[in-house]
Structures are given as C-alpha cells and as structure tokens.
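Thanks for making time this morning. I would like to walk you through one model, so please have the sequence and the coordinates open while I talk.

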Amino acid sequence: MKLPYAEPLTPIAPSIPVIPEPRRRGEPGGDPCGLCHQDEGIWSDEHWVLHIAGSSIPGTAWLASREHVDSFADLPERLAADFGRIAGRIEKAILAAGDFGRVHLYRWGDGGAHFHVWFYPRPVGMMDAVKFALPVWEDVMEPAPQPAIDDIAKKIAQALG
Ligand SMILES: [Zn+2]
C-alpha cells in the first residue's frame, strides 16, 4: 500500500475536536436530506437505489436505502438482512463489469444521515491502492471520461437485471 503523495509525509496532530459536531444533512437541525427524493440511479428495487459516481475509477458506485434511516444500527431487521444479499449482488456485478481485483465497501455517513454505502472497485494489479489507500487514490487521480463511466454503469445495471 502506498499513498499518492511524495514521501516523506509529515505527520500532523489532529485539530481540536469540534463539539458539538456540525449537523449533517437529513438529521434534526441539519440541512434537508438530499436522498429522500433521490432519482432511480442506474438500478433500483423496492428497498435500494444504486447510483454511479463521477469518479477517477469507473465503476465506483453507492447504494442508498429508499427509507430514511441513518446507519446499520437503524436499519429495520428486514433491510439489514437484505443488505447482505444486495451488497453481494452489486459486488459480483461490478467485478464482472471491469478489470478489478476487489471491491471495497465503505460506510462513512459524515455528510448525510440517510443510509448509503460506497462500493470502490480496485483496478486489478493496483497494489498501491490496497486497503484504505483506495479512496485516497480515487480522490487524487484525474476524473475518468464520462463515456467510460457510463459504459461500466450500463454493464453493472444489466448484470443486476
Ligand atoms: Zn433521507
């Protein structure tokens, strides 16, 4: 694993904690939720909507629940159980759509309080970007051309049916 910056990197101390933390979109006191009225993405069913991201790695996608809940701990039992099923299907669809070594899942939730999980495909052989370096590389690399993103989105959607 390697970060996309020249070494030596200089460690810094974390900033002073911000307490109380700023309100996120979609939580009481925060800006309105942007996902309660989301579009249908590249694929959807009665519980989930899969969106493709404008990204330096075509195939980067994020899955959102239709229901406004915050995190895994807040998912109703039926959705929590269904998440594993659908995450596996999406992983398989992404792996089949491009030359990827692995698909990483990330759930941050620091921006919005509506459940969403990121799927980051790591290009095959890109060993610099294993583990948590992948989203850093994704952020630093040049954005992929939109036709490449659209092409893989179409393949993922077709695989999901
Ligand atoms: Zn919402």
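Pro20 sits in the segment before β1, where helices (H or I, at least four residues) and strands (E, at least two) are DSSP runs, numbered from the N terminus.

Before I go on, two remarks on conventions. This is a predicted model, in which local features need pLDDT of at least 70 and side-chain atom pairs count only at pLDDT 80 or more, while totals for chains, interfaces and linings use all residues. Residues are numbered from 1 along each chain as its sequence is written.

Now to the overall layout. The chain has three helices and five strands, and from the N terminus on its elements run β-β-β-α-β-β-α-α. The radius of gyration is 17 Å, close to the 15 Å that the globule rule gives for 161 residues, so the chain is as compact as a globular protein of that length; here the radius is taken over C-alpha atoms, and the rule is 2.2 Å times the number of residues to the power 0.38. The C-alpha trace spans about 45 × 45 × 25 Å along its principal axes. Of the 161 residues, 22% count as buried, where buried stands for 20 or more other C-beta atoms within 10 Å of a residue's own, exposed for 12 or fewer, and partly exposed for anything in between, with C-beta atoms placed from the backbone. As for contacts, two residues make one if their C-beta atoms, placed from the backbone, lie within 7 Å. Among the contacts in the chain with a separation of 6 or more, 63% are between residues 24 or more positions apart.

In what order do the five strands of the open sheet follow one another? The order is β1-β2-β3-β5-β4, with antiparallel pairing, and two strands pair if DSSP finds at least two bridges between them. β1 (43-44) and β4 (100-106) stand at the edges with a single partner strand each, so one side of each is left without a neighbour in the sheet.

Going through some of the pairs, strand β2 (residues 48-52) is joined to strand β3 (residues 61-65) by five bridges, the two running antiparallel, and Ile52 stands opposite Ala61 in β3. β3 and β5 pair over four bridges, again in the antiparallel sense, with Ala64 opposite His116 in β5. Six antiparallel bridges link β4 and β5, and the bridge partner of Tyr106 is Trp118 in β5. Six of the eight residues of β5 are buried, so that strand is largely enclosed by the rest of the structure.

A residue of β2 that I would pick out is Val49, which counts as partly exposed because it has 19 C-beta neighbours inside 10 Å. Leaving aside neighbours within four places in sequence, the contacts of Val49 include Gln38, Glu40, Ala64 and Arg66. Asp39 is ten residues from Val49 along the chain, and their C-alpha atoms are separated by 8.1 Å.

Turning to the helices, α1 (residues 77-97) lies across β2, β3, β4 and β5 (116-123), and runs at about 150° to β4; the axes behind that angle are lines fitted to C-alpha atoms, for helices over the stretch in contact, and angles run from 0 to 180 degrees between N-to-C directions.

Helix α3 (residues 146-160) has 15 residues and reaches 21 Å from its first C-alpha to its last, close to the 21 Å expected at 1.5 Å a residue, the expected span being 1.5 Å times one less than the number of residues. Which residues of α3 are buried? They are Ile149, Ile152, Ala153 and Ile156. Seen down the axis of α3, these buried residues fall within an arc of 110°, so they line one face of the helix; the arc is that of the directions from the helix axis to the C-beta atoms. What covers them includes β2, β3 and α1. After α3 comes Gly161, with a positive phi near 75°.

Lys131 has a phi near 55°, a positive value in a residue other than glycine, and with 8 C-beta neighbours inside 10 Å it counts as exposed.
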